[in-house]
Each structure stands twice: as structure tokens, then as C-alpha cells.
There are 2 protein chains.
Amino acid sequence: MRKVYIVGVGQTPVREHWDRSVRDLAVESMLLAMDEADRGGVDAIFVGNALSGELTGQEQIAALVADFAGQTGTEAVRVEAAGASGGAAVRLGYLAVASGIHDTVLVTGVEKMSDLPGPLVGEALVTSTDEEYEAIHGLSLDALYALLMHRYMHDYDLERRDFGHFSVDAHRNAVNNPHAMYRRPISVDAFERAKLVADPISLLDSAPAADGAASVILCSEQAAGDESGSCAEIIGSALATDAVALHDRPNPLFLRAAHESAREAYARAGVGPEDIDIFELHDAFTILAALSLEACGFAEEGRGAHLAMEGEIALEGRIPISTMGGLKARGYPMGASGVYQIVELVQQLRGEAGANQVDARLGMAQSIGGTGGTAVTHILKSAQ
Amino acid sequence: MRKVYIVGVGQTPVREHWDRSVRDLAVESMLLAMDEADRGGVDAIFVGNALSGELTGQEQIAALVADFAGQTGTEAVRVEAAGASGGAAVRLGYLAVASGIHDTVLVTGVEKMSDLPGPLVGEALVTSTDEEYEAIHGLSLDALYALLMHRYMHDYDLERRDFGHFSVDAHRNAVNNPHAMYRRPISVDAFERAKLVADPISLLDSAPAADGAASVILCSEQAAGDESGSCAEIIGSALATDAVALHDRPNPLFLRAAHESAREAYARAGVGPEDIDIFELHDAFTILAALSLEACGFAEEGRGAHLAMEGEIALEGRIPISTMGGLKARGYPMGASGVYQIVELVQQLRGEAGANQVDARLGMAQSIGGTGGTAVTHILKSAQ
């Protein structure tokens, strides 16, 4: 397998972009990344997108955005794995370069969620669950995560307030990220007073549906040329799956796919959790942040929330997470978020994270679909 | 790049399966293929599916069917490229094995189209077009192909009846295929009398929306072991794209993506159209069959329909197409059809095509999305 470098990144602000289409957003991020990488053409394009068909009426989106980004004719496919779509696209792009099939690949994640009324967005989001065994009973994603959070609070004797530190941290970090959706700090008290969505999950536990697109250009060492010395390198990559329905898992509080994909990514990179300086995790809900930290070896079972309570996830803590705001405060354009994570890791590894800069040499990103049916993990190394 | 062999195939009958879910269909074909290949496990799963979100409310389908096929945890992603989704999944499976990333890969195509009322299926199908420039004006896929057929008939002085030979041939071949949806012959007169869908396209020009799933197991030479001598080998594979909107192409009657993907597949295989013994093409409409034959070098511009009129596409003709009924008569479960094509080619190359057996050493399959925005071409060689 060849070395794979990230030679350019691009992102649109995460917003409710009422005046932009899914195509506009994707293409803007693609051109930004190609411009930064100084590449006029690429060998292939992988587009991570979860719900463009349901939310914007547009399928076959990979060919569409390839054309509008000036890459008419290029091999281009869309990859879907619910919330992990962006991570899955990065994974396929990585494999295409690492294996020697392509030298230069463009990976784009995009989602446009604000064109439809809320109930229709909810109907689209629930397709990430098991339709015949979960959605059909009225179980939304929020409701499923509420079940997990209840169970976790019961098993480990925690209160709602204890999860607030995840959101406080994410919002604090988003203040300094011009691409973030919610650039305002919140307090643990505000967290506790927030309206419930599905008890015990409140608005401030949940990442907001949003519009946005992010892109990265992946290159082989040869194609990166002299630049490779100043680029982030992908040194670990893995995708694992699990039963989609929560009731089909032996221990619902153990994210098996997250654990397995992290385990394999660590093995490929030759590192362990103790070596990771920064972790962009999939904080679609605060409970998911806690469970991801445990699944990936940063905390013992039942201790994930304590990392947040003890300040260890802050920029100056042991394992900073959501350093640019995370899904919670940067915003969660579903299929795009896995690529936003990689873009933000590259900013950190290049030393371009501004006021949120962490002293980081190794960074990890994990993108999760549904309640953990799909998980993709990437480990990046600073080349500097 | 390593050699890639097909060591097992499986397919469900193509029907309106009112009593089966998208999951049931996929898993049945997966188990059939794994059983035939005598493989209990695979390294990765690629699922080609176009519209499961819109039509069945189920996304993240790759993890779902991996789990229910007994492959819980396995790397699994869904690939979408409208009607070319099945071909695109085969392409990614091929790359994963050829590049040395995985030794054994399962590729599944599945679509479940009969759960919703017709108008909602139509609404889902039109997502294959350019939503902002085509669908928004009320242009359905049928209407777009009607424009193409009108233009073709005008430019080359043809009548509706002249296209009938494509459908007559497909229906004749489907009679002997137990997996086909429409196992009854039709006449050119019946074709001419058929109800118009979008003038000049009639019901008998159009492939039917249907339910079905097909799977293939791809192996490296080493993983195929002694079996490789009795398996079909994939010797050419390519995916190309084009502008999704018809009006954005310099010559709408030239299928640029089909041409480019065939050209590259020929080059990789070291063969030309004159070497191909059988061609499973994407006959979603008769006009598309004619244009594909031209784009892939089997006929001059404007002469594709003549191949049908002159009997050259029949089993005993120069270039047999749709040998098990094609999309027209085997049926068109959208994202599954690209994998059905490969299954049928393997049947032919193994000499297991029964009454429809063609003396074939090299076969080609081409899967097309929308009006040609994506095209995937594979060339298979008999190992016998």
C-alpha cells in the first residue's frame, strides 16, 4: 500500500443556506480544495451524501457535481452510509490512492437539509434506523439515543447535567471557527434548562441538521511531490459495520463498529489511543460522544462522560475533541460531516487552527451512521 | 493489478415481490452467491442500490444486509449512481480485489420498487435527472428519452416500428429465463399498437420497474485457488460520467460516458468491439439500446436500430444482446440490474444459459444512469 497525503482542503460555512442548492455547496468546496491543492484535474471523485434524494430530489449527484466542478467525464460515484457517508467516501478515496489505482482523488461530503419542513426532514433522518423493526414503531434517531442515554445514566448513576460539558466544550470551540453554525458559548445551566427533544435528550444534546460541504484532495507520495513534506498523511483507515437495529446488539452501550474500526485503524497506523493528540468524534448526541470515547479506548466503560466533566476533552485537556465545534456547534450537515472532520484535523495538524490550535502530531476522526451501524475511522499524521 | 475472478453468483427472480422486503431480496441473493462460491465469509461488501431511501424508507442498507446475511461487522458500503448503481458496485468490488486491498468481496445489487403507488415511484425515478434544470420542468426520464428518440427518428429517417425488434428480441429471450419477469413473446405488431407513455415511447419500449436482487463473489487468483480455471475473469472495468442534463451535452445522441467507459474497458482488456461475443446492455428504453450499440463501437452513428432490424442482436446474430431478457423483459430492478447483467454473462460464459446459450468467450456488460450521466462497463472472459 502506498502512502496517502492530503494536499488540499475546502469547506463552505455550515449554515441554513436558503439560497444555495446541494450542487452549489458541493462545487464550492470542490473548487476551494482543488485551488488550494493547485490541481486542475483529478483521477476520480467520491461523494459522501446521505439524503440528497429524499431532501432535494437529486440522485446521481456524483456525476452532477463532477460536471459542474469542471471535471466532466471523470469517474465519480456517490457513497452512502447514513451519518457515516462522509467518512465512507474518505475511506474509498484513501483505498483508491493507497492501492495504486489512482494518483489524485477528490473526496467531497455534502448535505442540504434546510429545504424541507422539519417533519419531512425527520422522516428522512429515520431512514438511518432499521425501517422494519425500529422506524415502523415510531422510533426516531433521537428516541433511540434517548433509550441509550437513559440506560447509560441508570447503569453509571449519572444525571442529565453531567453530559452538558460535551456541549459547553463544543460551543466554546465553535466561537473561533468562522465556518461554524453556532458561534456562541453556552453554560451548563443553559444546557440543563434546554427543551427536551426525547427525554433525557434536549436540544442542547443534539447536533443541528444543517447545510454544508467539505472536500479534500488525496494524493500518492509521487503525485504530492515536494508538497508531501508539508501535508497531513493518512496513516490509518478502517470501516466496520454492526447490526443496524439497537435491539440486535448484545450490549447496546458498546459501539462495536466504532471499536472495531478504531482497533483496525490503530493497528494499521501502529499506534494506540495513548498516541492520539486530538479526536474529532461523531457528537451527534452527547451520549454518542461518551460512548465513542469508550469504544475507541480513551475511557473505561461508563467513564466517557467523566472525561468531559473533568475537562479532559477541552483544547488543553488530555484528548481534545470537537476542536472546531464538532457536529454539535459547527453543525451537522449529515453526509458532509465526515469530511469536515478531516478538513478540521488537517487545519490542526498544519498549525492553522487559529485560537483553537492544539499541539498535535497525530489526529483521529470517526464518522458514525445511525446508532452505530456503520463506523469509519481515520488517523492522520502531521508531516511537519 | 491482480486478476479478478467471479467464483459465485446468485439472483432472485425479478417480479413484483409484494411479500418481500428490500432486505429479504438482497440477503437471498447474497446467500445464494456465497453458497455457490462455497464461501462463508467475505472481506467486504459493496451494495448497489438506487432508491431504497425514497421507495422503502431504508438507508444505511449495506450494514443492514451485511448483518442479516451473517456478515455482521464486515466493511460494507452502498454505492449509488442512479440506474448504474449496480455496475458501480461491481466496479468498486473489482478495484478492491484487483488492487490487493481485499481477497474476497461480495457485490450485491438490489431494488424494491413495488411498495409505493406509481406516481410516487415516478417521483423517485426522476431524481436520476438534473433536478434544477430537468425535473423541475416536469421532464421525466421517459420524456427525456422520448426527446432523444424523436431526434434520432428525425435525423435517421426511422419509424417507431423500427425499434420494435429490440423488444421482440428481449421478450423472446426472457421466455427461457426462469428469473425473468415477462416470460412471453411479443410481436412487432403488438409493439406498434402498445400504449404510448411519452410519444414516441410506448409501454413496450420501456423496461418495467421491478423488485429483485443479484449478487456476485469476486476473488483474487490466490483466493479463487483451483477454481480459477472454471471461473469467469473480469479483464476490463471502467466508469465514466457525463453532464447529467441532456441539454448540457454537445451531441445528445452521443452517449459520451458509455463511449468513454467502453473505450477504457477495451483498452484494459486489450480487445475491441469486434472481439466481444455478447453484450448485456442497458435497454431501459429501445432508443437507449440503439445508442449504446453505437457508443460502444458495434454500429455506426444512426445504425444501432438497424442491427436489431437485421437480426444481428439475436442469439445467433453478430452481437447478441439482452440474452436472458435484458432490462426490458427480465425486468429492471433499478440498482440491481447492473449486477444481474454480470450474473447473466457468467451463466453464458460457463455454458449454463440453457436454451439461450451463446457460443461466447468474451462478454461485455454496460450499466447506465439517468440519460447517460454515468456509465460502467465490464468485460468478462471465460476461463474455460
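1. In this predicted model, chain A is superposed on chain B by a rotation of 180 degrees with 0.0 Å of shift along its axis, and the RMSD is 0.0 Å. The two copies are therefore related as by a two-fold rotation axis. Both copies use the same surface, since 100% of the contact residues of chain A recur in chain B.

2. Regarding the extent of the interface, 55 residues of chain A are in contact with 56 residues of chain B. The area buried between chain A and chain B is about 4200 Å². Carbon and sulfur atoms give 51% of that area.

3. In the salt bridge formed by B:Arg78 with A:Glu80, the closest N and O atoms are 3.1 Å apart. On the side of chain A that touches chain B, the elements giving two or more residues are helices H2 (52-56), H3 (61-68) and H4 (85-98), together with strands E3 (75-80) and E8 (232-241).

4. The largest nonpolar core comprises 88 residues, and A:Phe46 and B:Phe46 have the most contacts inside it. Within chain B, the residues touched by B:Phe46, not counting those up to four places away in sequence, include B:Val77, B:Val79, B:Leu92, B:Ala96 and B:Val107. B:Phe46 also touches A:Leu92 of chain A.

Methods. Residues numbered from 1 in each chain as written. Chains lettered and ligands numbered in written order. Predicted model: local features only at pLDDT ≥ 70, side-chain atom pairs only at ≥ 80, totals over all residues. Heavy atoms only, no water. Core = buried A, V, L, I, M, F, W, Y, C linked by side-chain atoms within 4.5 Å. Buried < 20%, exposed > 50% of the residue type's maximum accessible area, 1.4 Å probe, protein only. Contact = heavy atoms within 4.5 Å. Least-squares fit on C-alpha atoms with pLDDT ≥ 70 in both. Buried area = accessible area lost by both parts, 1.4 Å probe. Salt bridge = Lys/Arg side-chain N within 4 Å of Asp/Glu carboxyl O. Helix = DSSP H or I, 4+ residues; strand = E, 2+ residues; numbered from the N terminus.
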